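Below is a short note for a colleague who has not looked at this structure before. Please keep the sequence and the coordinates open while reading.

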Amino acid sequence: MSDQQGVPDQQVAGKSQGGAGAAYKASLFEFENFRGKKVELSAECKDLIEKNLEKVGSIIVESGPWVAFEQKGFLGEQFVLEKGEYPRWSTWTNSQSSYCLLSIRPLKVDSADHKLHLFENCSFAGRKMEIVDDDIPSLWVHGFQDRVSSAKAVNGTWVGYMYPGYRGRQFVFEHGEYKHWNDWGATEPQLQSVRRVRDMQWHKRGCFNVPDPAPKPNPNPNPNPNPNPAPNPAPAPAPAPAAPSATAASS
């Protein structure tokens with residue numbers, strides 16, 4: 001396979017479809033904090049400039065997931081967008097090698113299960129690592145070097161990162177085979193962390209688990225069960241001293 005091959009076929013076929021019955025909706029804003037010109041999308045857009053949106057400063061994904069691209073026609077750096085709010089660039093990427101976002105499409109998610117095979121060499125040769133229903137913040141910790149030259153996304157959709165801790169450029173792995181790192185849009189075989197992309201069909205809260213709110217502290221640990229007690233009766237007045245007798249007065 002040529003080193004110059006671009007987006008693989010499995011990323012082009014069915015671009016507007018996710019899991020069965022999945023729906024997509026995303027709102028893109030011109031400026032940060034959801035201000036300025038707004039474009040609403042429910043399907044792919046190869047060129048946002050045709051929608052009169054020349055720059056993107058913030059995004060709201062109501063249902064997804066989506067993948068955005070640095071260049072027109074789904075080319076260049078990739079940005080995975082799951083359900084949630086992205087008020088500025090730093091919330092959807094920490095690569096920041098470019099501040100362009102010119103095309104976007106829904107991600108195809110075929111299964112609630114996730115399985116990914118990574119290979120050291122091209123064409124599925126060399127050392128192999130299998131990842132099943134798990135997120136891996138560092139391939140080194142699991143005894144696998146950072147050189148990943150080919151991959152098979154057996155189930156689910158994944159996103160890989162150049163550096164540990166889900167940092168650096170992002171690379172999408174939809175269901176299919178990737179015989180060469182150019183197939184997932186990389187220019188070198190460097191991959192150091194991977195995680196699952198969650199779909200709203202099976203994961204109603206998106207990628208992140210929302211923690212239960214912490215209970216509010218009780219200002220009074222021993223509250224009075226009777227908030228309006230009856231007032232205590234006033235004490236009886238002391239008896240007045242007896243008047244002196246007439247006999248004592250005459251003496």
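The points below go from the basis of the note to the sheets, the aromatic rings and the cysteines.

1. Basis. This is a predicted model, in which local features need pLDDT of at least 70 and side-chain atom pairs count only at pLDDT 80 or more, while totals for chains, interfaces and linings use all residues. Residues are numbered from 1 along each chain as its sequence is written, and side-chain values use heavy atoms, with hydrogens and water left out.

2. Overall make-up. The protein chain has two helices and 14 strands; these are DSSP runs numbered from the N terminus, helices being H or I with at least four residues and strands E with at least two. Of the 251 residues in the protein chain, 42% are buried. Buried means under 20% relative accessible area, exposed means over 50%, and partly exposed lies in between (1.4 Å probe, protein chains only). Among contacts in the protein chain with a separation of 6 or more, 70% are between residues 24 or more positions apart. A contact here means heavy atoms within 4.5 Å.

3. The sheet with β1. Four strands form an open sheet in the order β2-β1-β3-β6, with antiparallel pairing. Strands β2 (35–41) and β6 (84–86) are at the edges with a single partner strand each, so one side of each has no neighbour in the sheet. Neighbouring strands of this sheet are turned by 15° against each other on average, direction ignored. Such angles run from 0 to 180 degrees between N-to-C directions, with axes as lines fitted to C-alpha atoms (for helices, over the stretch in contact). Two strands count as paired if DSSP finds at least two bridges between them. Five bridges join β1 to β2, and five also join β1 to strand β3 (residues 58–63). Between β3 and β6 there are three bridges, and Ile-60 stands opposite Glu-85 in β6.

4. Ala-26 as a reference point. Where is Ala-26 found? Ala-26 is in strand β1 (residues 25–31). On one side, Ala-26 stands opposite Leu-41 in β2; in β3, the bridge partner of Ala-26 is Val-61. Ala-26 counts as buried, at 1% relative accessibility. Leaving aside residues up to four places away in sequence, Ala-26 touches Val-39, Glu-40, Leu-41, Ile-60, Val-61 and Trp-66. Ala-26 and Trp-66 are 40 residues apart along the chain, yet their C-alpha atoms are separated by 8.3 Å.

5. Strand β7. Strand β4 (residues 66–71) pairs with β7 in the antiparallel sense over four bridges, and Val-67 stands opposite Arg-105 in β7. In a regular strand the side chains alternate between the two faces of the sheet. In β7 (residues 103–106) both faces are covered: Ser-103 and Arg-105 are buried on one side, Ile-104 and Pro-106 on the other.

6. The sheet with β8. A further open sheet of four strands has the order β9-β8-β10-β13, again with antiparallel pairing. Its edge strands, β9 (125–132) and β13 (176–178), each pair on one side only. Strand β8 (residues 115–121) is joined to β9 by six bridges. Within this pairing, Lys-128 in β9 is the bridge partner of Phe-119.

7. Aromatic rings. How many aromatic pairs does a search of the whole structure find? The search finds 12. Rings of Phe, Tyr and Trp (its six-membered ring) pair if their centres lie within 6.5 Å; planes under 30 degrees apart are stacked, over 60 edge-to-face, and the rest tilted. Phe-119 and Phe-124 are edge-to-face, at 5.4 Å centre to centre and 65° between the planes. Phe-173 and Tyr-178 form another edge-to-face pair, at 5.4 Å centre to centre and 75°. Phe-119 is buried at 6% relative accessible area, as are Phe-173 at 0% and Tyr-178 at 0%. Ring pairs also link Phe-79, Tyr-86, Trp-89, Trp-92 and Tyr-99 into a cluster.

8. A charge over a ring. Lys-152 lies over the face of Phe-124, at 4.6 Å from the ring centre. The rule asks for NZ of Lys or CZ of Arg within 6 Å of the ring centre and within 35 degrees of the ring normal.

9. Cysteines. The disulfide count is zero, a disulfide being a pair of cysteine sulfur atoms within 2.5 Å. Cys-45 is buried at 6% relative accessibility, whereas Cys-100 is partly exposed at 39%.
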